[in-house]
Amino acid sequence: MLKRVKRASLGIFKAGGVFRAVEASGWRGRRLVVLAYLGVSLEDEHEWDPASYLSPRHFEERLAILKRTRCTVLPLHEAVERLYRGDLPPRSLALTFDGGNYDFFSRVWPMLESYGYPATVFLTTYYCDFNRPIFDVACSYLLWKASTRRSEIPGEPLGLTQNLDLRTERSRSCAKDLLIAVSREWRLDGEDKDHLLERLADAGEADYGSLRRKRKLHLLAPEEVGRLAAAGIDFQLHTHRHRAPLDRALFLKEIQDNRERIRTLAGTDPDFFSYPDGSIRPEFLPWLPEAGVRFAVTCRPGAVTVDSHHLLLPRFADSGNLSPVEFESIVTGFASWMPHGRNRSGVPCALSRLHASHGL
């Protein structure tokens with residue numbers, strides 16, 4: 001009900017010309033909107049998790065809105081530096097993608113090329129090198145797939161002591177947490193986790209071979225990173241294993257390993273960072289400059305201004321749950337202009353939840 005009321009209200013503001021007035025204002029001209037994405041579906045991912053994935057049709061609709069509203073889509077580096085210099089062009093915006101999913105190569109990049117829009121990918125590199133389905137995410141997806149066929153998965157094929165009830169989203173989440181806990185207790189490596197996913201798929205009557213062949217829930221392969229970098233896609237830091245340890249030495253090593261792989265794969269020296277778990281600890285802020293990080297983006301909603309902390313830059317997370325008018329309220333600046341949006345946009349930030357489910 002509240003969602004419908006909000007969308008109707010936004011429609012009234014748009015029809016009354018308020019969106020257009022805000023986007024043309026000097027206030028909007030001093031702000032940078034950074035959009036954050038996780039994935040665009042290869043097949044049915046947006047049906048499984050619309051907070052994480054857009055369908056290709058919906059993503060292209062987003063790009064069409066950017067063109068229609070005459071947004072100036074800039075590379076993230078250029079956009080942030082021009083913001084601090086005070087020479088942002090009108091309606092400045094940057095596109096960012098967290099993780100580095102294979103769907104960026106197969107779905108997103110061709111659309112970006114057709115519109116001439118640059119983008120930044122915050123690449124986590126372990127599953128780039130070990131190019132298999134991301135364990136935590138694939139657990140959730142396979143449990144969802146199984147729920148369309150049966151109400152539970154027997155525990156025995158997975159070496160567990162109980163059946164996994166799949167009838168509700170809550171029970172599937174508990175089942176996923178159990179599988180992750182088992183993988184940690186058994187100290188499974190990447191190969192072992194992949195075998196566990198295969199057994200989970202078999203128990204739920206899902207086709208794991210098809211998932212692998214289509215590269216659903218995979219990250220970019222090394223050669224794809226090279227091709228994208230040569231075409232101008234910007235690759236930046238997201239840690240090697242998509243985790244941010246609270247131990248300083250381990251934290252710095254995550255970024256060092258990540259940077260070394262990006263240097264090798266993309267031929268660049270990254271200095272932007274995206275927090276991999278959606279949470280920010282005070283101790284990270286002095287550690288990031290030690291690791292050679294100049295700027296860091298969060299998943300806290302809002303527009304970037306000259307007053308934004310350079311290691312706490314806000315972003316708006318787009319998702320399949322946002323209507324076109326909600327999306328347009330973000331890119332025009334209206335979502336940030338509203339009094340409640342100066343600190344909180346009111347638009348749900350999916351990435352804070354997504355990041356936690358994207359680890360190893």
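Five of the five residues of strand S1 (residues 33–37) are buried, so the strand is mostly covered; buried means under 20% relative accessible area, exposed over 50% and partly exposed in between, with a 1.4 Å probe and protein chains only. The model is a predicted one, in which local features need pLDDT of at least 70 and side-chain atom pairs count only at pLDDT 80 or more, while totals for chains, interfaces and linings use all residues. Residues are numbered from 1 along each chain as its sequence is written, and side-chain values use heavy atoms, with hydrogens and water left out. Strands (E, at least two residues) and helices (H or I, at least four) are DSSP runs numbered from the N terminus.

In a regular strand, side chains alternate between the two faces of the sheet. Val-33, Leu-35 and Tyr-37 point one way from S1, and Val-34 and Ala-36 point the other way. Residues on both sides are buried.

S1 pairs with strand S5 (residues 92–99) in the parallel sense, over five bridges; pairing requires that DSSP finds at least two bridges between two strands. Val-34 has Ala-94 as its bridge partner in S5. Strand S12 (residues 316–317) also runs parallel to S1, joined to S1 by two bridges. Here Leu-35 is bridged to Phe-316.

Leu-95 and Phe-235 have the most contacts inside the largest nonpolar core, which has 57 residues. A nonpolar core is a set of buried Ala, Val, Leu, Ile, Met, Phe, Trp, Tyr and Cys residues joined through side-chain atoms within 4.5 Å. Helix H7 (residues 102–115) gives the largest share of this core, seven residues. Another core, of 32 residues, lies apart from it and includes Ala-138, Tyr-141, Trp-144 and Leu-188.

His-218 counts as buried because its relative accessibility is 2%. Leaving aside neighbours within four places in sequence, His-218 is in contact with residues including Asn-101, Tyr-102 and Asn-131.

Note on methods. Contact = heavy atoms within 4.5 Å.
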